[in-house]
Amino acid sequence: MNDVLLEAKGIVKEFPGVKALDDVQFELKKGEVHCLLGENGAGKSTMMKIFAGIYKATSGEILLRGEPVQFENTREAQDVGIGIIHQELNLCKHLTVAQNIFLGREKITPYGVVNEAEMNRMAKKVLDSFHKGINPKSRISDLSISKQQVVEIAKSLSQNAEIIIMDEPTSSLSGREVEELFNIIHKLREDGKGIIYISHKLDELKEISDRVTVFRDGKYIDTVNFENTTVDNLVTMMVGRSIEDKFPYVEPNESRHKILEIKDLTVDGLIKDVAFDVFGGEALGIFGLVGAGRTEVAKTIFGAIKKSSGDIIMNGRNLNITSERMAIKEGIVYAPEDRKKEGLAVKMTVAENLVLPTLADISSAFGVISQKRQSARSLKKVNELRIKTPSIEQIVNNLSGGNQQKIVIGKWLMHDPKVIIFDEPTRGIDVNAKVEFYKIFNALKLKGVGVIIISSELPEILGLTDRILVMAGGKSRAILNTRDETTTQEKIMHYATM
């Protein structure tokens, strides 16, 4: 009996000036979790969008249960049992769970009105088949990210999906929520569903993966059984070489001095009495579980959230920062966690994004931007950070996540900051790109910049930083010396769960 659900043969996908996929193959079996790995730009998302009917392949063949298929749109893919859950969830937050599950397929009474009761009943039935506890009448805006993912899965199952594509599903989840998602994946696999799972977190694979396929630079590299390989082997396949040093740490700048001092920083209802110092030439990590207040601290220092009390002292001066503009003027910059919504103007070009914070420097007295200076400055930064883009006139939204993140960092480096705060800077970034970012952090340290890194990945924060501020419940719980051998993941988690 043939248990292959979905197969791609010789797939080529070309965009103007770019060959995103070049003779790629892939196979998914019934009751299998097949992980797809590759760096940003490797072609993973392009392949998944072809499966989901978002793109059409330039050439090659897609087989569904052994029969050739070609989808003109996403509805055709859904109708034959293929569902996709994007990293950025595609839900209407003002609608209820049931309304989202049946959006565009509403149940209608004989009198021509929407049958809410029937949709609630059917939504509950499909939810309870793999995950109990979500009220179909709840509004999406009232649900956590993990529960919103459950709704996306239910939406696919309500369309009789046999194939579910998950793109970076754990990128915004806490440890407990990840465990809950994996339980759902195990249940779906037991029910015979085929799951394509895209992730950059290689440590997750051992929990769920049956087989792994690796793409690199738009090409198919290999497919292996997970139990017969190692993480190091997978990394080597992904980047084309072995990465021996995952966290290239450098010692703090010897001439470091205290740049920033935070005293009893409080925002009513969010953070209370947070205190720490930042030295030029060192990397300070901030770690905490969901709700710990890490991002709130960063945004308060940056002026995006107004403090209720406490002091922000910069080089001995007590600052009254009430806006992002004031923080930037003082040399404090912030690379946000959500780069697309808060860090980039995604419909503008690479060049325009890179010069945004320094427009005054390239403009005339009458406010006219010098295109020549804009091009020169942005091209220099593109080369320095090795941003992969066809040109500086490329729209930022068309670039991979790693290159978008480099643009967020690049625009602030143009400003020559004294303190730079990175909030989850490597989330959704591939292994090789992470090492490039680590080298950027180290270069900033050597220049005497105060670097703050907020990260949910304990190995990363232990490997890169000099000290770690551990937060829980909106408060600072401990400041640990990362280089001290007694500073372990267990010790950090002890303080993070206080």
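Predicted model: local features only at pLDDT ≥ 70, side-chain atom pairs only at ≥ 80, totals over all residues.
Local features need pLDDT of at least 70 and side-chain atom pairs count only at pLDDT 80 or more, while totals for chains, interfaces and linings use all residues. Residues are numbered from 1 along each chain as its sequence is written, and side-chain values use heavy atoms, with hydrogens and water left out.

**View A. The hairpin of strands β19 and β20.** Strand β19 covers residues 467–472 and strand β20 residues 475–481; they pair in the antiparallel sense over six bridges. Strands are DSSP runs of E, at least two residues long, numbered from the N terminus, and two of them pair if DSSP finds at least two bridges between them. Arginine 467 has asparagine 481 of β20 as its bridge partner. Two residues lie between the strands, and glycine 473 in the turn has a positive phi of about 60°.

**View B. Packing of helix α14 against helix α15.** Helices are DSSP runs of H or I with at least four residues. The axes of α14 (residues 401–413) and α15 (residues 431–446) are 11 Å apart, at an angle of about 10°. The two helices are therefore roughly parallel, a term for angles under 35 degrees. Contact (heavy atoms within 4.5 Å) involves Gly402, Gln405, Lys406, Ile409 and Leu413 of α14 and Glu436, Phe437, Ile440 and Leu444 of α15.

View C. Aspartate 22 counts as partly exposed because its relative accessibility is 23%, between the limits of 20% for buried and 50% for exposed (1.4 Å probe, protein chains only). Leaving aside neighbours within four places in sequence, aspartate 22 contacts Ile11, Val12, Gly218 and Lys219. Aspartate 22 and lysine 219 are 197 residues apart in sequence, yet 5.3 Å apart in space, C-alpha to C-alpha.

Notes:
Axes fitted to C-alpha atoms, helices over the stretch in contact; angles between N-to-C directions. Parallel < 35°, antiparallel > 145°, perpendicular 65-115°, else oblique.
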